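Subject: Structure handover

Hello,

Here is the structure for your files. My notes on it follow below.

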Amino acid sequence: MEYLHCLPPSVEPRVSDHMPQIIDMIKQIIENGHAYGVDGDVYFSVDKFPDYGRLSGRKLEDNRAGERVTVDSRKKNPADFALWKSAKEGEPFWDSPWGPGRPGWHIECSAMSAAYLGYSFDIHGGGMDLVFPHHENEIAQSCAACKQSDISYWIHNGFVTIDSEKMSKSLGNFFTIRQVIDLYHPLALRLFLLGTHYQSPINYSDVQLESTSERVFYIFQTLYDCESVVSQHDVRTLKDTIPPEIVESINKFYNVFVTSMSDDLHSSVVFGALSDPLTTMNDLLHTRKGKKQALRIESLAALEKITRNVLSILGLLPASYAEILQQLREKALKRAKLTEDQVLQKIEERTAARKNKEYEKSDTIRKNLAAVGITLMDNPDGTTWRPAVPLAIQEQQVASP
């Protein structure tokens, strides 16, 4: 997770270390009249909690018991759920006022979150599949233990599909983050994930990762070029003003960022808006008109700064622009099953072919490299290369509806 720029959790509690807190919470729920014991088991009584179903919007009569598990006739209501389960042979157990046993699935989360965050805290997250019954039951038992229990925001993320099929070990399309970042840069994966709203399902495919990798390279190549040009000037000589149109561009981007992230974390909108400052920077860097613009260096410095700040907040800022560009090249070479020396050799062969007017051979070399995701760029100083979406995948994108 560190490679993905995810901050480490402050605490990683274990259920086995929190049995006293779990047992105390169950005792409190019983004392408050929301649970009952049966033969060493303890069940939460959903009939005693009128707000049951407020998160999922489900009503008790909608919960048809017995469809997936056998109905326990000892329950007062088939929807009642276990807070404590009596010990069964071969299972771990702990002593409790109701006899040896273990906690139910839901109570563990309520007890541990209360232990570290209190009964009221800002954000509780999880997958869409946890809305019911897990999070619904968490709300019920936490409120039954403490009336002041409250979560400000419930955040549920959508599922990951693979080429439009649900990710599943049984389907053989299951893989780990480690496997992905072996071929793709971690920040390309992070950008890919942030490019879809967290509540929406996200479709993982090589097509998507290749496109995102190319996008990441474009972003940081632009910022690297910008930084290189600005660094050639003494910042003490730069003016404090920039052209009105650049101010407008920066303010527009910043406002989209704040508005979108404040509106349920719509990060995908931010990345769409990022195109404008990047395009403006490239115009100032590479076009004849842009190079002549007044306050060009000041404009580049201001645009680079706002872009850098936004990327930093989103966890997408690398240690250095040069470093990530090199890392992206290395990943591209690995996917292409080539070394940089082999690519440079092909560039030399192509240069020689062009010099000898062997244009068919020159085109073949370019196309063969492009087929595996290596694009050649000719300029007055010679030919260089950069990662790109392989031709076959580009054709897939064109063919897709």
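How much space lies in the largest cavity? About 40 Å³. A cavity here is a set of points on a 1 Å grid over the protein atoms alone where a 1.4 Å probe fits but cannot get out; a pocket is an open set with protein on both sides within 12 Å along at least five of seven lines, and lining residues have an atom within 4 Å of a point. Grid points are joined across faces, edges and corners, and a volume is the space filled by probe spheres set on the points.

On provenance: this is a predicted model, in which local features need pLDDT of at least 70 and side-chain atom pairs count only at pLDDT 80 or more, while totals for chains, interfaces and linings use all residues. Residues are numbered from 1 along each chain as its sequence is written, and side-chain values use heavy atoms, with hydrogens and water left out.

Cavity. The count comes to 1 cavity of 30 Å³ or more. Leu187, Leu191, Val216, Ile219, Phe220, Leu311 and Leu316 line the largest cavity. α5 and α6 each give two or more residues to this lining, and α6 gives the most, with 3 residues. Helices (H or I, at least four residues) and strands (E, at least two) are DSSP runs, numbered from the N terminus.

Core. Ile219 and Phe220 return in the largest nonpolar core, where they and Leu300 have the most contacts among its 36 residues. Such a core is a set of buried Ala, Val, Leu, Ile, Met, Phe, Trp, Tyr and Cys residues joined through side-chain atoms within 4.5 Å; buried means under 20% relative accessible area (1.4 Å probe, protein chains only). α6 gives the most to this core, with 8 residues. Ile219 touches Leu191, Leu274, Leu278 and Leu311 (heavy atoms within 4.5 Å), not counting residues up to four places away in sequence.

Pocket. The largest pocket has a volume of about 1300 Å³. Of its 32 lining residues, Met1, Cys6, Asn157, Leu193 and Tyr198 lie nearest its centre. The largest share of the lining, 5 residues, comes from α5.

Sheet. An open sheet of 3 strands has the order β8-β7-β9, with mixed pairing; two strands pair if DSSP finds at least two bridges between them. β8 and β9 are the edges, each with a single partner strand, so one side of each has no neighbour in the sheet. β7 (residues 160-162) runs parallel to β9, joined by 3 bridges.

Regards

Terms used. Buried < 20%, exposed > 50% of the residue type's maximum accessible area, 1.4 Å probe, protein only.
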